[in-house]
Amino acid sequence: MPVRVMNLPANDQTVRITVLTWSRALGDTLLLVPALRAIRGANPEGLIRLICGPEPGQLLSRAGLADEVGDNSDPRLALLAAGVEGTPAADYAGRESARVGQPHEVRRKHGRAATLPGAGHCGADWVGAGESTGAAGVLNKDAVKAALGGPELVVGFVSRTCELMSGLELVGIVGLAVDPIPPPGVHAAEHFERSLEAVGIPSLWEGAEAVAPVVVESPNVPSHGVLIHPGSGATWKCAPPEIYREVAAGLARIGRPVAVLEGPADAGRIHAMEWKGEIVRAESMVELAHTLQNFNAFVGNDSGVSHLSGLLGVPTVALFGPTHPDTWRPLGPNVRIIRTCSREPESRIRVCEDPHCMAGIEASAVIAATVETIKPVQE
Ligand SMILES: [Zn+2]
């Protein structure tokens with residue numbers, strides 16, 4: 001199986017690179033920021049198209065990290081998502097591949113190469129632009145290329161790398177597919193960013209805390225206190241509401257006003273907090289970025305909001321438990337992690353199954369970290 005490395009043309013030529021994730025989640029998408037910056041650094045005159053969920057895409061485009069955004073539910077991308085459970089295009093892809101009968105054939109082809117030493121799990125983490133299978137004629141390659149933005153290179157951070165690479169091979173575009181789960185102890189964002197070295201894009205990684213803040217211009221509203229968000233995309237990542245209740249009460253006692261952020265799925269948690277004070281909501285992720293920047297500090301779980309807060313440079317205290325901060329901590333210069341779980345990092349997202357994993361977190365520790373993080377950094 002030939003492995004082709006793409007040498008980027010000199011900077012005076014425009015190179016179009018498309019970055020693709022099937023995730024619609026804010027946190028997952030924000031972990032691509034260092035990779036997007038590395039691509040920009042290696043190719044300043046080039047054009048970056050980011051294909052992701054529309055809301056995170058709008059946010060990262062607003063912050064100048066992508067020149068164009070595409071929606072990963074675009075049915076024209078279904079070929080590349082074939083068989084990937086839970087992806088927006090999956091249903092469509094399933095129907096389409098059944099009709100065309102193609103991804104199956106491609107998988108068998110790569111299955112035969114799976115024993116090659118040093119190759120990925122399907123034997124083809126790399127496929128050069130070139131020959132496609134005989135059945136490719138029934139595909140509308142131009143539609144797929146148009147949805148991708150007509151790139152010279154596609155970099156996909158996707159769990160089913162074979163399907164993406166097989167699809168790209170069919171339409172004749174060079175691709176790099178990277179499984180989003182990093183090796184144990186490696187930060188996911190570092191894993192994404194360093195994977196680009198394979199296509200000649202040098203890494204700029206110096207640690208999660210060295211990632212410079214993302215700038216989302218925001219109306220200048222005087223900052224007011226601490227914003228607490230008790231929710232997360234997964235309930236098992238959430239510290240018990242009692243901890244947040246104690247944190248809010250403790251901060252109020254020392255003269256720090258507190259507001260609680262309510263996302264679409266957070267009403268139950270806020271009710272369990274018995275919160276009677278100010279509640280803040282955001283209509284979009286761009287508005288959420290504006291809101292976060294109006295607070296002196298943010299306290300939350302391992303969630304997309306915590307990732308955004310950290311990346312905006314807002315002083316952030318993130319409560320961790322079943323996920324490991326070495327892999328998933330929010331990026332940015334002013335992030336503190338509180339975690340009492342002793343499970344080590346592993347090659348999976350959830351490393352602790354204890355339902356009471358986060359119950360040992362002390363509100364006093366969270367309050368102390370919050371107060372500490374608000375202080376300006378002294379040289
Ligand atoms: Zn635990």
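Tutor: This is a predicted model. We begin with an open sheet of six strands, which pair in parallel. Their order is β9-β8-β7-β10-β11-β12.

Student: Which are the edge strands of this sheet?

Tutor: An edge strand pairs on one side only. That holds for the strand at 278–280 and for the one at 335–339. The edge strands are therefore β9 and β12.

Student: By what angle are neighbouring strands turned against each other on average?

Tutor: The angle is taken between neighbouring strands of this sheet, with direction ignored. On average it is 25°.

Student: How many bridges join β8 to β9, and which residue stands opposite V260?

Tutor: Strand β8 covers residues 258–261 and runs parallel to β9. The number of bridges joining them is three.

Student: Which strands does helix α9 touch, and what angle does its direction make with that of β7?

Tutor: Helix α9, residues 241–253, packs on the sheet. The strands touched are β7 (226–229), β8 and β10 (297–301). With the direction of β7, that of α9 makes about 170°.

Student: Is R269 buried or exposed?

Tutor: R269 lies in helix α10, residues 267–272. The cut-off for a buried residue is 20 or more other C-beta atoms within 10 Å. R269 has 23, so it is buried.

Student: Leaving aside neighbours within four places in sequence, which residues are in contact with R269?

Tutor: E242 is 27 residues from R269 in sequence and 9.7 Å away, C-alpha to C-alpha. The residues in contact with R269, beyond those sequence neighbours, are P230, G231, C238 and P241.

Conventions. Residues numbered from 1 in each chain as written. Predicted model: local features only at pLDDT ≥ 70, side-chain atom pairs only at ≥ 80, totals over all residues. Helix = DSSP H or I, 4+ residues; strand = E, 2+ residues; numbered from the N terminus. Buried ≥ 20, exposed ≤ 12 C-beta atoms within 10 Å, placed from the backbone. Contact = placed C-beta atoms within 7 Å. Pairing = 2+ DSSP bridges. Axes fitted to C-alpha atoms, helices over the stretch in contact; angles between N-to-C directions.
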